[in-house]
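Student: I'd like a close look at one part of this protein, please. Could you walk me through its sheet?

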Amino acid sequence: MSRRFWAAAILGFVAWGLLGQPQAAKIPPENIKVHLRPELQVKPGLFSLKAAGQPIRVLAFGDFGDGSQGQKDVAAAMLQYHRQRPFDFAITLGDNFYNKGMKGVDDPRWKTWWDQLYDPLGIQFYAILGNHDYGFQESPEAEILYSKKSPSWRMPATQYTFTAGWVQFFAIDSEVITAYQLEWLQKELEASKFRWKVVYGHHPIYSHGMHGDNQKLIRELLPVLKGRADVYLAGHDHDMQHLKPEGNLHFFVSGTGGKMRPIRRGPRSLFAQSALGFAVLEADGTSLKITFIEKSLKPLYEYTLKK
């Protein structure tokens with residue numbers, strides 16, 4: 001072949017290497033989802049935190065871990081509330097650590113952004129991942145494995161289910177919705193015999209907050225929840241919301257554990273407010289009540305589901 005052919009071929013190869021390859025490299029590392037080991041993605045089997053038939057009181061909050069004064073104020077309010085009306089346990093709604101999660105189980109922020117603020121409550125916190133928890137490549141695994149080092153932090157896997165009293169809880173990873181996760185969730189919901197079924201994930205399905213409705217979750221998650229779950233509880237939008245139900249499925253947002261943004265009421269709003277604080281879930285054999293509490297411990301809104 002001619003020398004000209006080989007020169008053109010070499011130049012073409014070099015150009016492909018220089019111009020074609022970087023297209024993948026331009027993807028920000030925080031947007032590349034980590035492929036966790038199977039045992040870290042789903043915890044097999046059901047576990048129980050409180051005997052069936054008992055009333056429960058649960059703390060719920062999201063979008064908090066940044067070491068700010070807002071986070072510290074809300075954590076202090078949780079402790080004060082707990083001393084007056086004790087929680088059985090807590091759940092987090094993701095974005096546990098800004099801005100890119102944790103670098104590992106030995107990241108020094110575990111001590112200042114978690115241990116010092118939440119260990120004093122003396123309860124366990126059952127956490128899920130948010131989009132910011134996927135920043136550092138090591139973060140999702142670190143948040144799961146820290147469960148072995150902490151008296152309070154618990155994340156058995158990225159998706160898991162447990163029971164407490166009259167309620168079965170289903171913790172999901174709404175940042176990485178897969179066919180496997182949806183199949184798992186539907187199977188677990190249909191197998192549940194508990195009076196109340198509460199699913200919690202980071203991203204709202206419907207929201208009048210900054211991020212708005214999540215079309216992917218409307219298409220893929222909502223059909224699994226409708227007719228099977230009673231409550232879908234989320235964070236992500238840094239506000240407090242209760243949105244009109246679809247059938248018997250109610251939507252709540254509690255994303256002001258350390259951050260907040262302004263919010264306006266919309267067509268689906270039953271309640272919408274921007275205030276640092278948390279949610280309290282109380283359930284027994286006939287009712288499930290969710291209350292939004294401002295950091296001053298002032299109740300802002302409550303709603304009770306009945307069966």
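In what sense do strand β6 and strand β7 pair, and over how many bridges?

Tutor: Strand β6 (residues 160–164) and strand β7 (residues 167–171) pair in the antiparallel sense, over 5 bridges. Across that pairing, Phe 162 stands opposite Phe 169 in β7.

Some ground rules before we zoom out. This is a predicted model, where local features need pLDDT of at least 70 and side-chain atom pairs count only at pLDDT 80 or more, while totals for chains, interfaces and linings use all residues. Residues are numbered from 1 along each chain as its sequence is written, and side-chain values use heavy atoms, with hydrogens and water left out. Strands (E, at least two residues) and helices (H or I, at least four) are DSSP runs numbered from the N terminus, and two strands pair if DSSP finds at least two bridges between them.

Now the whole sheet: 8 strands make it up, it is open with mixed pairing, and the order reads β1-β6-β7-β8-β9-β11-β10-β12. At the edges you'll find β1 (47–50) and β12 (269–273); each has a single partner strand, so one side of each is left without a neighbour in the sheet. On average, neighbouring strands here are turned by 20 degrees against each other, direction ignored. (Axes are lines fitted to C-alpha atoms, for helices over the stretch in contact, and angles run from 0 to 180 degrees between N-to-C directions.)

Back to our pair: helix α7 (residues 179–191) packs on the sheet, touching β6, β7 and β8 (196–200), where contact means heavy atoms within 4.5 Å. The direction of α7 makes about 180 degrees with that of β7.
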